[in-house]
Amino acid sequence: MTNAGQIVAAFRDIAATKSLNQDEVYDLIRDGILAGLVKIYGPNVEAEIEIDEGSGDIEIIVLKRVVEEVEDESSEIALEEARWDDDTYEVGDVMEIPVDFAEFGRNAVMATKQRIVQRVREGERQRIREEFADRVGELLSGEVQQIERGKIVVMMNRSKDAEAIIPWREQNPRERFRQGDPIRAVLKKVDETPKGPRLILSRGDPLFVASLFKLEVPEIYQGIVEIRELAREVGGRTKIAVSSRDDSIDPVGACVGLKGSRVQAVVNELGGERIDIVPWHPDPEVFARRALAPARVAKVISDSNRQVITAIVDEDQLSLAIGRNGQNVRLASQLIGWQIDLYGSREWLERGADLSIFGEPPQGEVYETADFPLSELALEENTLAALETAGYHTFLDIIDLEKKDFLEVPELTEEDADLLLGIIDELTVVEGEVPTEEEPAEGTLDGLLDEDSDGLLDEDSEASDAEPEEGAEASGDGGGEAGDEEDGGEEEVVSEASEEAEESADSEPEEDGDEPQS
């Protein structure tokens, strides 16, 4: 066949660019030639097409069945006509008719070409489906081919025939790209269109941030460190909760890297977007404290039935906990999957007068208080266990008990009863005895909160103490020290702060104590 070898060689070159193997190339050629034969002989034509792998020669033989009367000219031939070629033919024999490719007319050649192109495209589409169907969530790289009507058309590095776009809603509004710029994005889904599969990429999905950390942090790639939760507002801030399968590896430190190198690489890829990395915890209350970072939370109350977290922060931490336009608390809520109600100390105290929040106080006395577990008090384990066995679990359960009531609890000694009464006196402030001018109302809230608060002053001792003004300043300093030690996770007992204040006042010279008060 004339130039058949050149034709096959040309097909091999095309197949190399389309990532087709030799068998697929020969199958395409056979299918294309058969489509051309259909144009010549009819739709039911049968043929044998042999390709010599060495020389590239193509042998085409059309097969027709010998019959008495022809009903289908594409697959049948009359006995009389068959005997013109060979008089030995009988009815039922199959006649082989060799065909030269040069006999193909223009229509047959066009049909062959169209069929081959169609098969190549179908093969490409199927290959793209198979290649990317299981890669959703992976990080892909490419080059910006063009930008049209807000969407970015990307030419993939490893699959240049794949149609990939980044819609406007999946882009970071802080980023700008030009034609030819390298770009990375996460594969969000594979859409089916009339033209074939289309890859939908994203740089705004939280999966993009997770994929970048997987690329930059080997511990995440190896499965040692796991990203448990992730919340993101594109272009603004991202919060990530991580945990480690190995107790010897700090998950947060692994993500941050030496001198912040790993997290800085992710920040640069995101165009300067801020990232908060917090350790994950199964307890919603602990997780909520960490999720609200960098703000320090004084008190957390959870309602598991409604999945609501009530977080109380000091006034100086309120704006930090809320964030710009409520971004920090909103992302924290998305991160833990619970609703977060955030209150400042002043607002929480004002709501404390609402009986629906704190329960009805005894008549004649109004307490500015909030309930909390006894485990937050500085009690020994045996004392705490004895109280819980007796049915006392929260502070409000023991606030009205007398010494004799404590002595009736098994395993509680007289010293334990005195200690509990002292703690109740220190944490209980009756309205009318609190100095309204010298001590702000927020100080009372600090006494109701756990060890995470900024310190607590004993208002009863201040109300009855007639020491000079320097003594009050020393007591305030003691409360500040307790708040400073809160960062290290240490708990300060309230009575110690009061004793330090009294010692400081006693150490002042007598002449200072005799000075008249203004």
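This is a predicted model: local features need pLDDT of at least 70, side-chain atom pairs count only at pLDDT 80 or more; totals for chains, interfaces and linings use all residues.

Reader: OK, so is helix 11 mostly covered or mostly open?

Author: Mostly covered, with 7 of its 10 residues buried.

Reader: What comes just after helix 11?

Author: Gly 337, which takes a positive phi of about 80°.

Reader: And which residues make the contact between helix 9 and helix 11?

Author: First the geometry: the axes of helix 9 (residues 284-291) and helix 11 (residues 327-336) come within 9 Å, crossing at roughly 145°. The crossing is right-handed. On the helix 9 side the contact uses Phe 287, Ala 288 and Ala 291, and helix 11 brings Ala 332, Leu 335 and Ile 336.

Reader: How many of those are nonpolar, polar or charged?

Author: The contact has 6 nonpolar residues, with no polar and no charged ones.

Reader: Which residues have the most contacts inside the largest nonpolar core?

Author: Leu 292, Ile 309, Leu 335, Ile 336 and Leu 342, in a core of 22 residues. Helix 9, strand 14 (308-313), helix 11 and strand 15 (339-344) are the elements that each give two or more residues to this core. Helix 11 supplies the largest share, 5 residues.

Reader: What is Leu 342 in contact with?

Author: Setting aside neighbours within four places in sequence, Leu 342 is in contact with Leu 292, Ala 311, Val 313, Leu 318, Ala 321, Ile 322 and Val 329. There's also a second, separate core of 20 residues, which includes Leu 387, Tyr 392, Ile 399 and Phe 406.

Reader: Switching to charges. How many salt bridges does a search of the whole structure find?

Author: It finds 26. One of them joins Arg 65 and Glu 76, with the closest N and O atoms 3.0 Å apart. Arg 65 sits in strand 2 (residues 58-67) and Glu 76 in strand 3 (residues 76-78), so this pair ties together parts 11 residues apart in sequence.

Reader: Is Glu 76 buried or exposed?

Author: Glu 76 counts as buried because its relative accessibility is 11%, and the cut-off for buried is under 20%. Arg 65 is partly exposed, at 38%.

Reader: What about Asp 303 and Arg 306?

Author: Those side chains form a salt bridge too, at 2.9 Å, N to O. Asp 303 is partly exposed at 24%, while Arg 306 is exposed at 57%. Elsewhere, salt bridges with shared partners join Asp 27, Asp 31, Arg 115 and Arg 119 into one network.

Reader: Last thing. What does Ser 211 touch?

Author: Not counting residues up to four places away in sequence, Ser 211 touches Gly 137, Glu 138, Leu 139 and Val 186. Ser 211 is found in helix 5 (residues 206-216), and is buried, with a relative accessible area of 8%.

Definitions and conventions:
Residues are numbered from 1 along each chain as its sequence is written. Side-chain values use heavy atoms; hydrogens and water are left out. Axes are lines fitted to C-alpha atoms, for helices over the stretch in contact, and angles run from 0 to 180 degrees between N-to-C directions. Helices (H or I, at least four residues) and strands (E, at least two) are DSSP runs, numbered from the N terminus. A crossing is left-handed if the near helix is turned anticlockwise from the far one by less than a right angle, and right-handed if clockwise. Contact means heavy atoms within 4.5 Å. Ala, Val, Leu, Ile, Met, Phe, Trp, Tyr, Cys and Pro count as nonpolar, Asp, Glu, Lys and Arg as charged, and the others, Gly among them, as polar. Buried means under 20% relative accessible area, exposed over 50%, partly exposed in between (1.4 Å probe, protein chains only). A salt bridge is a side-chain nitrogen of Lys or Arg within 4 Å of a carboxyl oxygen of Asp or Glu. A nonpolar core is a set of buried Ala, Val, Leu, Ile, Met, Phe, Trp, Tyr and Cys residues joined through side-chain atoms within 4.5 Å.
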